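Please keep the sequence and the structure in view while reading.

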Amino acid sequence: MHGVDPHKLTIAQKKAALQYLMFLKEKRSGKIKGRGCANGRKQRIYKSKEETSSPTISVEALFLSCLIDALERRHVMVVDIPGAFMHADIDELIHVKLVGDIAELLLRVDPTYERFVTYEKGKKVIYTELDKALYGTLQAALLFWENLVAFLVDKHGFKLNPYDRCVANKQINGKQCTIGWHVDDLKISHVENDVIEGIYQLLNEQYGKETPLTVSRGKKHEYLGMTIDYSEDGKVKFTMADYIDDLLKEIPEDLSKGPCISPAALHLFQVNESQNKLPAQAQELFHHLTAKLLYLCKRTRGDLQTA
């Protein structure tokens with residue numbers, strides 16, 4: 001993004017500008033990751049879901065591709081593209097404003113932005129215009145999907161699977177090479193290790209110019225919150241032990257009644273009409289835990305679906 005003279009912006013443009021936010025996130029590996037993004041809520045006024053929704057690999061396609069990997073004794077690699085959205089050009093005029101401490105941080109990194117500083121409600125504000133897709137804008141994921149598809153299909157001859165637009169295949173040395181992806185996390189497989197290493201090099205040349213791609217090799221991979229384990233010949237195992245441990249830590253002690261044979265209690269389908277509603281905070285926790293359990297049961301714990 002580049003700075004914009006605040007005096008050249010209309011009141012409407014300033015009002016429509018998306019605020020820049022910064023978050024720190026601890027990854028499962030223990031590393032601390034900083035993420036800058038735009039608050040894209042204002043875009044919902046004029047952008048439909050159809051215009052901004054990006055496909056991601058389905059759970060079924062991921063499981064089936066892993067099963068094929070195991071049966072064909074393929075080599076598997078998992079690749080993460082850092083700053084993926086920054087590789088895609090933005091498709092509309094979007095202004096982003098940095099306020100207060102974030103504006104100060106930008107000035108420390110690049111003092112040339114000083115000429116774009118203005119003040120609003122006593123705080124420093126810097127208005128910018130996006131050149132690339134930014135995390136938080138509604139269309140960012142879709143724009144990167146289009147960028148990656150163009151790279152794989154148009155440039156390197158892969159063909160999208162007609163049933164899942166986030167799975168691409170290509171015959172290399174007489175054997176199928178498969179790439180499946182969820183936004184910027186890719187799983188690559190082929191029976192020859194040199195082939196997937198070659199694909200990795202192509203991806204790194206395209207998307208790793210600023211920061212090298214993060215890569216996982218071997219028989220065990222962390223992917224989309226799951227551990228995918230190919231250690232046993234011809235088989236693949238999916239586990240989410242860390243996810244379950246973290247989930248159990250969030251459950252209040254008064255709800256932890258120890259192990260049970262089945263998640264389906266005898267009163268599962270009985271509604272107590274006289275029971276008082278949960279307080280707002282408890283409702284929020286209930287919905288949060290239920291959503292996490294739904295994510296879990298659709299992947300590695302199908303036995304939970306009864307409850």
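Strand β13 is joined by four bridges to strand β14 (residues 226-229), and the two run antiparallel. Strands here are DSSP runs of E with at least two residues, helices are DSSP runs of H or I with at least four residues, and both are numbered from the N terminus. Two strands count as paired if DSSP finds at least two bridges between them. This is a predicted model, in which local features need pLDDT of at least 70 and side-chain atom pairs count only at pLDDT 80 or more, whereas totals for chains, interfaces and linings use all residues. Residues are numbered from 1 along each chain as its sequence is written, and side-chain values use heavy atoms, with hydrogens and water left out.

Individual partners can be named along these strands. Y223 has M226 in β14 as its bridge partner, and H221 stands opposite I228 in β14. Between β13 and β14, which form a hairpin, there are two residues, and L224 in the turn has a positive phi of about 55°.

On its other pairing, β14 meets β15 in the antiparallel sense over three bridges; D229, for example, has K237 in β15 as its bridge partner. As a general rule, strands of a sheet pair through backbone hydrogen bonds, either parallel or antiparallel.

Which way do the side chains of β14 point? M226 and I228 point one way, T227 and D229 point the other way, and all are buried. Buried means under 20% relative accessible area, exposed means over 50%, and partly exposed lies in between (1.4 Å probe, protein chains only).

D69 has its place in helix α3 (residues 59-71). Because its relative accessibility is 1%, D69 counts as buried. Its side chain makes a polar contact of 2.7 Å with the side chain of K187 and another, of 3.0 Å, with the side chain of Y230. A polar contact is a pair of N or O atoms within 3.5 Å; within protein, one must be able to donate a hydrogen and the other to accept it, and residues adjacent in sequence count only if both atoms are side-chain atoms.

The last topic is the nonpolar core, a set of buried Ala, Val, Leu, Ile, Met, Phe, Trp, Tyr and Cys residues joined through side-chain atoms within 4.5 Å. The largest such core has 70 residues, and W181 and L203 have the most contacts inside it. Helix α5 (residues 140-155) gives the most to this core, with nine residues. Leaving aside neighbours within four places in sequence, L203 is in contact (heavy atoms within 4.5 Å) with L148, F151, L186, I188, G208 and L213. Apart from this core lies another, of five residues, among them V4, L9, A17 and Y127.
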